Amino acid sequence: MPGNKVSKQKPCHHCKSRPASAPPDTSTIHYEKFWLYRHCSSVQQRDRQAQKAGQLFSGLLAMNVVFLGSAFISSMIFNHVAITLADVWILLSILKVLCLCWIIYYLLGTSRQPHAVLYRDSHAGPIWIRGSVLLFASFSILLNVFQIGYSAILIQCKSRVEIVFPSIEIFFILTQAFFLWHHSKDCIQVQHNFTRCGLMLTIATNLLLWLLAVTNDTIHVEIESQLREVEQRFEGKAPFSHPYLCNETASCTCPNTTICKVFQKGYILLYPFNTEYCLVCCSVLYVMWKNVGRRISDHHVPHIKPRFRLQGVVFGPLLGTIAVIIGICVFMMYQIQATSSVPSRQAFVIYYSYYIVLLPLMSVGAVIGTIIHALEKKELDTLKNPTRSLDVILLMGAALGQIGMSYFSIVAIVATDPRDLLNSLILSHSVLLIFQSITQNVFIIDGLHRQPFMPPDKEEEMKEGQNHEAYDQRGVNMLELGQEMRKVSLSYIHSYSHLSWKRRALREISFFLVLCNIILWVMPTFGAHPVFENGLEKSFYGYSTWFAIVNFGLPLGVFYRMHSVGGLLEVYITA
């Protein structure tokens with residue numbers, strides 16, 4: 001037998017170091033595999049070096065593309081005569097066409113080669129991420145349809161590029177969403193360098209689209225220009241102008257037609273979804289880039305896949321639903337009062353009061369959850385997981401948006417009048433928001449690094465499955481083994497339905513935080529921006545400076561809430 005032949009070979013130096021009394025390892029059946037690894041270590045080293053070189057080269061490609069696009073966008077902002085918005089659109093259209101060519105080649109060529117996709121990362125592209133891609137892609141397509149309609153109505157003062165660019169954008173969004181939905185879990189094993197470069201080019205393009213979206217707010221400024229022009233006509237002043245807009249903006253006004261108003265309002269309403277779509281695509285593409293050439297061993301594949309169930313939770317969904325309902329009422333009241341010609345001070349008081357009540361509850365829940373994690377005697381999951389590593393980076397990075405805006409607000413309030421009622425509410429809101437973001441990040445990151453909950457009976461079931469060959473060698477009857485596994489499964493179902501208080505508390509807290517983050521995502525996404533509308537920070541820092549701070553911080557804050565929902569769902573499921 002082959003096993004006997006192998007046993008006659010001279011023992012390796014590793015085997016000599018093991019005591020003779022040590023029990024034989026069951027893994028000795030894989031001698032040939034171990035022999036290959038010992039004698040081909042240089043091949044492995046060359047493979048790792050080639051992987052690092054490919055990642056370095058593709059990273060440099062993305063860095064140069066991002067720097068080039070950033071230079072174009074910055075030039076458009078600071079020197080809008082030499083570099084116009086149309087020039088930026090042309091550059092981005094070229095990049096999108098290149099990305100489309102690579103994606104189509106990957107779909108029709110690379111992924112269909114023999115042995116191209118031998119492994120799939122079970123952690124990459126969870127259903128909530130791919131669902132978010134489809135949701136935001138749908139809204140982004142509708143956004144571009146509204147932009148095409150808006151530009152077509154004002155074609156006499158709009159460039160034709162403003163119609164061509166959204167058309168290319170629609171095709172790019174459709175193709176990219178299809179690609180990410182079907183191939184986000186791929187660990188491609190062929191054409192490594194070309195695939196890495198294609199992924200990094202697509203990531204750089206999405207980053208530039210996000211950067212353009214948060215720095216260029218043309219339609220918003222056009223509407224503000226029209227409103228100020230009407231006001232200043234009554235005062236006998238010159239009309240308002242903005243550096244993003246050309247001199248003929250005043251004549252490029254939306255006519256008093258229903259269809260034009262629908263396109264205009266729809267564009268403004270759907271505008272935040274496009275920024276979220278770009279960021280979500282970047283995160284999924286980055287995980288695919290890390291998985292290029294990755295070989296997943298058996299111990300990396302999860303033996304169980306926990307599913308989302310509402311079993312054993314009551315107070316978390318109840319309190320979270322109450323928070324969502326109250327938040328929707330506060331949001332509607334704020335939208336009605338704050339968007340009027342004369343914003344009501346009461347609307348800001350109610351809005352910030354809601355946050356001041358909700359944020360401490362969320363912080364307390366996160367702290368309690370972190371303490372429960374510390375009390376648990378569970379090992380940390382230390383296996384290599386690119387998806388989890390990216391989740392941690394995104395949580396920490398995206399939180400900087402709202403934390404940064406909060407610190408700017410604190411400085412502005414302390415330097416002016418912190419004793420005023422509204423100012424004190426804004427100050428409390430900023431401090432609580434910083435604390436809540438930090439505590440929630442600690443809770444989520446700690447939960448993501450915990451092993452999934454597995455009752456003792458389930459562990460025994462897994463051990464029996466893993467030692468299946470050993471049972472056969474010992475002559476155990478297969479019928480008896482099946483009966484024993486059936487008993488273990490019934491015991492597992494019974495124990496699962498009776499969660500321990502720690503498990504139940506973690507699930508209650510996670511679900512409550514999920515619903516709270518959903519309402520805190522909905523409110524700024526659909527137009528509640530008191531940080532810009534209350535006028536305090538805008539008057540302290542100036543319009544242009546505060547506009548730039550909000551345009552960078554607010555999309556990151558919205559993305560943080562959405563990404564926190566995904567992380568909290570992972571914590572809930574594994575609990």
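Q: Why is Phe-273 called buried?
A: In this predicted model, Phe-273 has a relative accessible area of 1%. Buried means under 20% relative accessible area, exposed over 50%, and partly exposed in between (1.4 Å probe, protein chains only), so Phe-273 counts as buried.

Q: How do you know which class Trp-521 and Lys-185 belong to, buried or exposed?
A: Trp-521 has 14% relative accessibility and so counts as buried. Lys-185, at 17%, is therefore buried as well.

Q: What makes Phe-273 and Trp-521 an edge-to-face pair?
A: Rings of Phe, Tyr and Trp (its six-membered ring) pair if their centres lie within 6.5 Å; planes under 30 degrees apart count as stacked, over 60 as edge-to-face and the rest as tilted. The two ring centres are 6.2 Å apart and the planes stand at 75 degrees, so the pair of Phe-273 and Trp-521 is edge-to-face.

Q: Why does this pair tie together parts that are 248 residues apart in sequence?
A: Because Phe-273 lies in helix H10 (residues 258-290) and Trp-521 in helix H18 (residues 501-525). Helices (H or I, at least four residues) and strands (E, at least two) are DSSP runs, numbered from the N terminus.

Q: What makes Lys-96 a charge over the ring of Phe-165?
A: NZ of Lys or CZ of Arg must be within 6 Å of the ring centre and within 35 degrees of the ring normal. The charged end of Lys-96 sits over the ring of Phe-165, 3.7 Å from its centre.

Residues are numbered from 1 along each chain as its sequence is written. Local features need pLDDT of at least 70, side-chain atom pairs count only at pLDDT 80 or more, totals for chains, interfaces and linings use all residues, and side-chain values use heavy atoms, with hydrogens and water left out.
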